[in-house]
Amino acid sequence: MLGIASGSKRAKKAIILAFLPLLIYDKVIENVKSVLLLVSSNTIEINIDEVGLINDYIQEKLECKATITMIVGEDENLDDSLSITIIL
C-alpha cells in the first residue's frame, strides 16, 4: 500500500493514505505479525517526530502486535513530499 503527501502533517496524511486500503479488510490486519515499511523523502528529509508518528499510527491500528522494520530512502522525484509504502 502506498501513501504520498506533502505540506504540513505530511507524515500523518501519508500513513493514513497508505493504511486506508488495509482498514477495509479488518480480518487481514488482525493477524499481522510483521510490517515492512519503506519511507522515502527528498528535499525535506523525514525527521524523528515523523518517524514516531508513523510508528505510533501503525502500532495503534495493529494493536501493538506487529514488529515493524523500517527502511528510509531518498527519492529525487518527491520534492518536499513524503512517500510511505507498507508491505504486510
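The protein chain of this predicted model carries 8 positive and 13 negative side chains, and the centres of the two sets lie 11 Å apart. Lys and Arg are counted as positive and Asp and Glu as negative, without His and the chain ends; each charge is placed at NZ of Lys, CZ of Arg, CG of Asp or CD of Glu. Local features require pLDDT of at least 70 and side-chain atom pairs pLDDT 80 or more, whereas totals for chains, interfaces and linings use all residues. Residues are numbered from 1 along each chain as its sequence is written, and side-chain values use heavy atoms, with hydrogens and water left out.

The protein chain contains 3 helices and 4 strands, which follow the order β-α-α-β-α-β-β from the N terminus. These elements are DSSP runs numbered from the N terminus, with helices being H or I of at least four residues and strands E of at least two. Along the principal axes, the C-alpha atoms fill a box of roughly 35 × 20 × 20 Å. The radius of gyration of the protein chain is 12 Å, in agreement with the value near 12 Å for a compact globule of 88 residues; the radius is taken over C-alpha atoms, and the globule rule is 2.2 Å times the number of residues to the power 0.38. Contacts are defined by heavy atoms within 4.5 Å. Among contacts with a separation of 6 or more, 81% join residues 24 or more positions apart.

The protein chain exposes about 5,400 Å², of which carbon and sulfur atoms supply 54%; accessible areas come from the Shrake-Rupley method with a 1.4 Å probe, and for residues only the protein chains shown count as cover. Buried residues account for 36% of the 88 residues. Residues are termed buried under 20% relative accessible area, exposed over 50% and partly exposed in between (1.4 Å probe, protein chains only).

The largest nonpolar core has 22 residues, of which Ile54, Ile58, Ile84 and Ile86 touch the most other members. Such a core is a set of buried Ala, Val, Leu, Ile, Met, Phe, Trp, Tyr and Cys residues joined through side-chain atoms within 4.5 Å. At least two residues of this core come from each of α1 (10–24), β2 (34–41), α3 (48–61) and β4 (82–87), and α1 gives the most, with 6 residues. Beyond its neighbours within four places in sequence, Ile58 contacts Ile15, Phe19, Val35, Leu37 and Ile68.

Tyr57 lies in helix α3 and is buried, with a relative accessible area of 12%. With neighbours within four places in sequence left aside, Tyr57 is in contact with Ile15, Ile16, Phe19 and Leu23. Its C-alpha atom is separated by 22 Å from that of Glu74, 17 residues apart along the chain.

Leu36, in strand β2, has a relative accessibility of 34% and therefore counts as partly exposed. Although Leu36 and Ile86 are 50 residues apart along the chain, their C-alpha atoms are separated by 5.9 Å. Ile86 is also found among the contacts of Leu36 outside four places in sequence, which are Thr69, Ile71, Thr85, Ile86 and Ile87.

Ser83 belongs to strand β4 and counts as buried because its relative accessibility is 10%. Outside four places in sequence, Ser83 contacts Leu2, Gly3, Ile4, Leu38, Val39, Ser40 and Leu78. Ser81 occurs in the loop between β3 (67–74) and β4; at 13% relative accessibility, Ser81 is likewise buried. Asp79 is partly exposed at 48% relative accessibility.

A positive phi, of about 60°, is likewise adopted by the non-glycine residue Lys9, which is located in the loop between β1 (2–5) and α1. Lys9 is exposed, with a relative accessible area of 64%. Glu45, in the loop between β2 and α3, counts as exposed at 60% relative accessibility. Apart from neighbours within four places in sequence, Glu45 is in contact with Arg10 and Glu50. Glu45 and Ala66, 21 residues apart in sequence, have a C-alpha to C-alpha distance of 26 Å.
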